[in-house]
Amino acid sequence: MSKETPILAVENLVMHYTTRKGDVSAIDGVTFSLEKGHSLGLVGESGCGKTSIAFSLMRLLPDNAKIKQGSIFIDGEDIITMSYDQLLKFRWRKIAMVFQAAMNALNPVYTVGDQIVEALDLHDMIKNKAEAEERVAELFELVGLDPALMHRYPHEFSGGMRQRAVIAMALSCEPDIIIADEPTTALDVIVQDRILREMKKIQQKLGMSMIYISHDIAVIAEVSDHIGVMYAGRMAELASGVDIFERPLHPYTYALMRAFPSIKGEKHDLTTLPGEPPDLLYPPTGCRFHPRCPFATDICKEKQPPFENVGGEHYVACWHPMEVHNDHH
Amino acid sequence: MNNTAHTTSSAPTSLWKMRLRLMRKSLKTGWDIFKENPVGMVGLVIIVFFALLAILHPILMATVWDPGTYDPITGYDFKTLIHPSPPSWLPQPDNPMYKPSFRHILGTDPLGRDVLSQLMYSTRSEFLLGVGAALVTVLIATTVGAVSAYYGGLIDILFMRMADVMMMLPFIAILIVLSSLFQFKMIHLAIVYGILAGFGGTTIVIKSQALTIKVKSYIEAARIAGGGDGHIIFTHLVPNLLPLSFLYMMFTVTGAIFSEAVLSFFGLLDIRMSWGLMIQTAQAAGYLLNSWKYWYLMFPAGLSITLLCAAFYLVGRAMDEVVNPRLRKR
Amino acid sequence: MTTTNSPLLKVSGLKKYFPVGGGFLRKPHNFIHAVDDLNFEIPSGGSMGLVGESGCGKTTTGKLLVRLYEPTDGHILIQDEQGNLEDIAYRKGASMKAFRRRVQMIFQDPYESLNPRRTIYDTVAEPLAVQGIGNISEREERVATLLERVGLTPATSFMFRFPHELSGGQRQRIAIARALVVNPSFIVADEPTSMLDVSIRTGVMNLMMELAAEMNVSYLYITHDLAVARYMCDTIGVMYLGKIVEQAPTEELLHQPQHPYTRALISAVPIPDPRIKRQVIDIKGGISAPIDPPPHCRFYARCPLADETCRDRPHPPLQDKGNGHLVACYKV
């Protein structure tokens, strides 16, 4: 990943949520970068920090969240040190987000078209009403919605249509990066499939960079070139999609894939990981995966494994990555 | 919890003890949240203060206060000649005893009775009235709300229209009419007020809560387990409504105490002493127009009504936070 | 105990119509045909998956089988203790209570299926308590044994906790324990793992299969996820707008799908492997509520194969195409 400066570079990001019980270490030293026109999938279970990363990238964190350390460079600018006014200009134009709950992202009392026009207007993307309508129609066509629907209200849309409208909104200011946080989780498979294909097509057509966030490794495998596997606030493994599937080095990645049933190939038994993800109020010492890891040794309990490059674009944070590798061959 | 690991043989007792311990634990977590709310704590301090007054009264009567002089209803201090003083257009005798003094901390009323003693004596019945009315309200509102939400249909329509009627009725006016027709004692007022409040607005609030609980799948699970309507209503619906009911209990206390003051002020309650009656006595003797000078005839009772009503309301607000996790601060 | 040739559960002509509009003293004019003429059997110890998109009627079917709803029409036959089939479709009162011991349900949302104000013991023991089975110490022992069996060990440390102190996976294990506590012969599982995280989901799925085999429980597994249905079930029925459009043994259905809807559905499932490129069969339009649907095939409007036959004739019946592969389509 060193050909040119990446569009997005996150370096050693540490973020805590303050709660009445204490600090929750939601993101703990995450590093990754994304090149222009590429797509990265972040996969992990609930509470692994994937959505927190998305909100950090958008600087839309709730009040009790504190970024303790690290930097987020978008197109060479560090957004953590940015002022509120600068951020307003930056957000949506450089980086936009497709939210998980499409219904909540749309205001029920305005038509869908008007809401997109508002977003355009806020960022001085349009000069007059005619131009606005034209632009909305263009966006609707891009995401596969009938432009005639722009004067309808969100409740008149089906789940899939709403999700498309939210995508159109995110695309409205022609951002360089789009973050899609579980964009299809609430949708049925056929609709999910259509929207995923649509998003991939748009991304390639507009040359955008994308970050997909999902708990579903199958969805991530379909849409992203690179996959980052997250566990308990840390990046466990980051590699190209094919590498992750052919050569998983982190025991968690391996377990995650063995836990997913597929409709293709031989039916195999699904393996179970013992235990549950840790409570990040009291994260485990050393490697955060060690209490559930079958290969854990003393060093795993004591020292946090470094997030290292193991050749090519394959990064892993594990003291014994090869053991797994040997085991499954 | 480890010590119960091997007590399966004595199951009934261990179950029982476990339940008590659990209840204590949940009370403690509730209290931990409650005590962080300054508003609620202020309310609680006021309530405790009045409770102490109520408890202290019989003790004082039995020890330092001579019943002949200090009895709130029949007492009379012979050392004060005219109580407390004639209206301002009459010649004023120079007798300081009627004003607040060490002997009568809040002075004496127009009939020569000690105001502080009256105030403390009334506190108990105000509490009983408030809590009694609240219990009646909660009992009715919770049952009706749960039944109405659970069955829906005709029963629901019936109760909800009834609630509408109750809401339309002017509360105080109804109470005035009723208490002028019948001999109302505190207990009657508590029951009537409880019924009016119970079938009215509180029911609607509790029913809407019950509707959100009714659709939870644990209700369906209970039916699949073989539970009948009664089982589902009383072991699943009602326990989940109780926190909200308890909250509305606090608001009912406020309303009941206030309505007592109004009725007593009109002299419509068949009671011997209450805060409302204290104000009424002052008013009947013509002192209400001069309350700056005779503040001790008006303010102690008036302030007590205001404070205690406010206190229950504040506690209710703070409890809202315990009951509704969404309102909690992180 | 059971006669092998007769099924444990037999559903015939099962219908459930929900009124739309209408109200107090006013007759509704329209009906949603949520479940419309279902026929299937589940053998003793067998498992069937009911797969479809949201709104296809799969959850309604599940709730009909456990009699949370009363059917509009049709029969639900289930083996009683003696192994005879009895119709429980319209049963009420005391005989209903006996039926409740034989059929149980596991719900989708573990955060809503356990009463937050009742302890784990109370929740799991509830079926025993309302059925009046055993005394308190017997119940406690039964609950403890089951809790340990579903992996909540030691049971005593869980019994007197409240649901909010447990994770989603643990709660779903408790829901399983509650369903099994009365030794049922049939369980309806309504998407029991769809809200759980992957690493926990597998454990719950494996546990369900183990326990079903161990206690000889048959189950109907309702899911939107074909991969999960494949893992959990011997046969799969694909539902579309209140009808089963295709039903076959699991591998047969996945590898030789015949109904155009099943084909589209299978082709849309993402594959957890970037090396496999799947071919896409897209169907037009989207799913809509079956309010007074026209008599022809339910899939007519979206079907790539549809022609006049499909338009003019009634909804096709499920026909056996060999090997127990049932398809409801004129075109295959």
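These legends walk you through several close-up views of a predicted model. Residues are numbered from 1 along each chain as its sequence is written, with chains lettered from A and ligands numbered from 1 in the order in which they are written. Because the model is predicted, local features need pLDDT of at least 70 and side-chain atom pairs count only at pLDDT 80 or more, while totals for chains, interfaces and linings use all residues.

**View 1. The open sheet of chain A.** Eight strands line up in the order E6-E7-E8-E3-E9-E10-E12-E11, with mixed pairing. Helices (H or I, at least four residues) and strands (E, at least two) are DSSP runs, numbered from the N terminus, and two strands pair if DSSP finds at least two bridges between them. Strand E6 (95-98) and strand E11 (308-309) of chain A each have a single partner strand, so one side of each is left without a neighbour in the sheet. Helix H1 (residues 50-58) of chain A packs on this sheet, touching E3, E6, E7, E8 and E9 of chain A. Its direction makes about 145° with that of E7(A); axes are lines fitted to C-alpha atoms, for helices over the stretch in contact, and angles run from 0 to 180 degrees between N-to-C directions.

**View 2. Strands E3 and E9 of chain A.** E3 (residues 39-43) and E9 (residues 226-231) of chain A pair in the parallel sense over 4 bridges. Look for Val43(A), whose bridge partner in E9(A) is Val229(A).

**View 3. Helices H4 and H5 of chain A.** The axes of H4 (residues 112-122) and H5 (residues 129-142) of chain A come within 10 Å and cross at roughly 110°. That makes H4(A) roughly perpendicular to H5(A) (65 to 115 degrees). Gly113(A), Ile116(A), Val117(A) and Leu120(A) of H4(A) meet Ala132(A), Arg135(A), Val136(A) and Leu139(A) of H5(A); residues are in contact if their C-beta atoms, placed from the backbone, lie within 7 Å. These contact residues divide into 6 nonpolar, 1 polar and 1 charged, where Ala, Val, Leu, Ile, Met, Phe, Trp, Tyr, Cys and Pro count as nonpolar, Asp, Glu, Lys and Arg as charged, and the others, Gly among them, as polar.

**View 4. Helices H4 and H7 of chain B.** H4 (residues 115-151) and H7 (residues 186-199) of chain B pack at an angle of about 35°, with their axes 7 Å apart. Their contact includes Leu128(B) and Gly132(B) in H4(B), and Ala190(B) and Tyr193(B) in H7(B). By class, the contact residues are 16 nonpolar, 5 polar and no charged.

**View 5. The antiparallel sheet of chain C.** Four strands form an open sheet in the order E2-E1-E4-E5. Strand E2 (30-42) and strand E5 (85-87) of chain C are the edge strands, each pairing on one side only. E1 (residues 9-20) of chain C is joined to E2(C) by 10 bridges, and Lys15(C) stands opposite Asp36(C) in E2(C).

**View 6. Where chain C meets its neighbours.** The contact between chains A and C takes 34 residues from chain A and 34 residues from chain C. On the chain A side, 18 are nonpolar, 8 polar and 8 charged. Turning to chain B, 28 residues of chain C are in contact with 25 residues of chain B. The side of chain C that touches chain B has 11 nonpolar, 8 polar and 9 charged residues.

Terms used:
Contact = placed C-beta atoms within 7 Å. Parallel < 35°, antiparallel > 145°, perpendicular 65-115°, else oblique.
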